[in-house]
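Visitor: Could you walk me through this structure, a few residues at a time?

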Amino acid sequence: HDGDRIDVEVYQVTSLDIGSFELKNVMVGVTAILDGWDMDGIISLINFEKTPVTVDYNKKKLIIETPASLHKKARSAQTLPIKLHQFGNLSLDIFVPVCINGSTSLDMEFDTGSLPEDVIVNSKFLDVLRIDTSKTRNETISTPFTGTALRRYITTIDSVQYCSLIYPSLKNIRVDFKQNLIYDGIIGAGY
């Protein structure tokens, strides 16, 4: 999330089982970076591009949907326009329109690996959102991978909401503005 380049060795495994669901010929990346992060690995959304899934954060489960279960959920769901960014056969990112303070719309990465309350915005939007950095908490942080020093500005903003949805906005929400963020922003998928 901080713009650091991550180089990993990539291999293909013949199969990967997630419960009773089997993925075939899966590309995997190997890196020591994850060793201290309390996770065994990261699986790309590209492995599910033709398989509907639900991530249940409360129960900490990945649910592989059937046509019937997906139809049942769709009856009470709202439609959120998304943009997809695919990098070869290795990664697939989802971007959603997020309105900040009711007006400024950003294409934010919908991050299934972030905490549900995470709202991280590229610092280039500080002026657009009229954020006075002299009134925010300011920090110099080091990126976890290369140790590059970056500025981070932490503040509370009035509201964050998925644009065009009838869905309650988050009010008085903490937002981290990060220098050199590679996207407009990132929002935790649990919101």
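Guide: What follows is a conversation about selected residues, strands and aromatic pairs.

Guide: This is a predicted model, in which local features need pLDDT of at least 70 and side-chain atom pairs count only at pLDDT 80 or more, while totals for chains, interfaces and linings use all residues. Residues are numbered from 1 along each chain as its sequence is written, and side-chain values use heavy atoms, with hydrogens and water left out.

Visitor: Where is S44 found?

Guide: S44 sits in the loop between β2 (21–30) and β3 (53–56); strands here are DSSP runs (E, at least two residues), numbered from the N terminus.

Visitor: And does S44 count as buried or exposed?

Guide: S44 counts as buried because its relative accessibility is 18%, where buried means under 20% relative accessible area, exposed over 50% and partly exposed in between, with a 1.4 Å probe and protein chains only.

Visitor: What does the side chain of S44 reach?

Guide: The S44 side chain reaches the backbone nitrogen of I46 at 3.1 Å. Apart from neighbours within four places in sequence, S44 is also in contact (heavy atoms within 4.5 Å) with L90, S91 and L92.

Visitor: Switching to strands, how do β1 and β2 pair?

Guide: Strand β1 (residues 9–18) and β2 pair in the antiparallel sense over nine bridges, given that two strands pair if DSSP finds at least two bridges between them. Within this pairing D17 stands opposite E22 in β2, and in the hairpin, which has two residues between the strands, G19 takes a positive phi near 60 degrees.

Visitor: How many aromatic pairs does the structure hold?

Guide: The structure holds two aromatic pairs. F21 and F48 form a stacked one, at 6.2 Å centre to centre and 25 degrees between the planes. That pair links distant parts of the chain, with F21 in strand β2 and F48 in the loop between β2 and β3, 27 residues apart. For the terms, rings of Phe, Tyr and Trp (its six-membered ring) pair if their centres lie within 6.5 Å, and planes under 30 degrees apart count as stacked, over 60 as edge-to-face and the rest as tilted.

Visitor: Why does F48 count as buried?

Guide: F48 is buried because its relative accessible area is 9%.

Visitor: What about F95 and Y183?

Guide: F95 and Y183 form an edge-to-face pair, 5.1 Å centre to centre with 75 degrees between the planes. This pair also links distant parts of the chain, since F95 lies in strand β6 (residues 91–100) and Y183 in the loop between β11 (170–178) and β12 (185–188), 88 residues apart. Both F95 and Y183 are buried.

Visitor: Staying with β11, is K171 buried or exposed, and what is K171 in contact with?

Guide: K171, whose place is in strand β11, is exposed, with a relative accessible area of 59%. Leaving aside neighbours within four places in sequence, K171 is in contact with D158 and S159.

Visitor: Which strand does I157 lie in, and what is I157 in contact with?

Guide: I157 lies in strand β10 (residues 149–162) and is buried, with a relative accessible area of 3%. Beyond neighbours within four places in sequence, I157 is in contact with I100, N101, I131, N172, I173 and V175.

Visitor: How far apart are I157 and T104?

Guide: I157 and T104 are 53 residues apart in sequence and 12 Å apart in space, C-alpha to C-alpha. T104 is found in strand β7 (residues 104–111) and counts as buried at 15% relative accessibility.

Conventions. Helices (H or I, at least four residues) and strands (E, at least two) are DSSP runs, numbered from the N terminus. A polar contact is a pair of N or O atoms within 3.5 Å; within protein, one must be able to donate a hydrogen and the other to accept it, and residues adjacent in sequence count only if both atoms are side-chain atoms.
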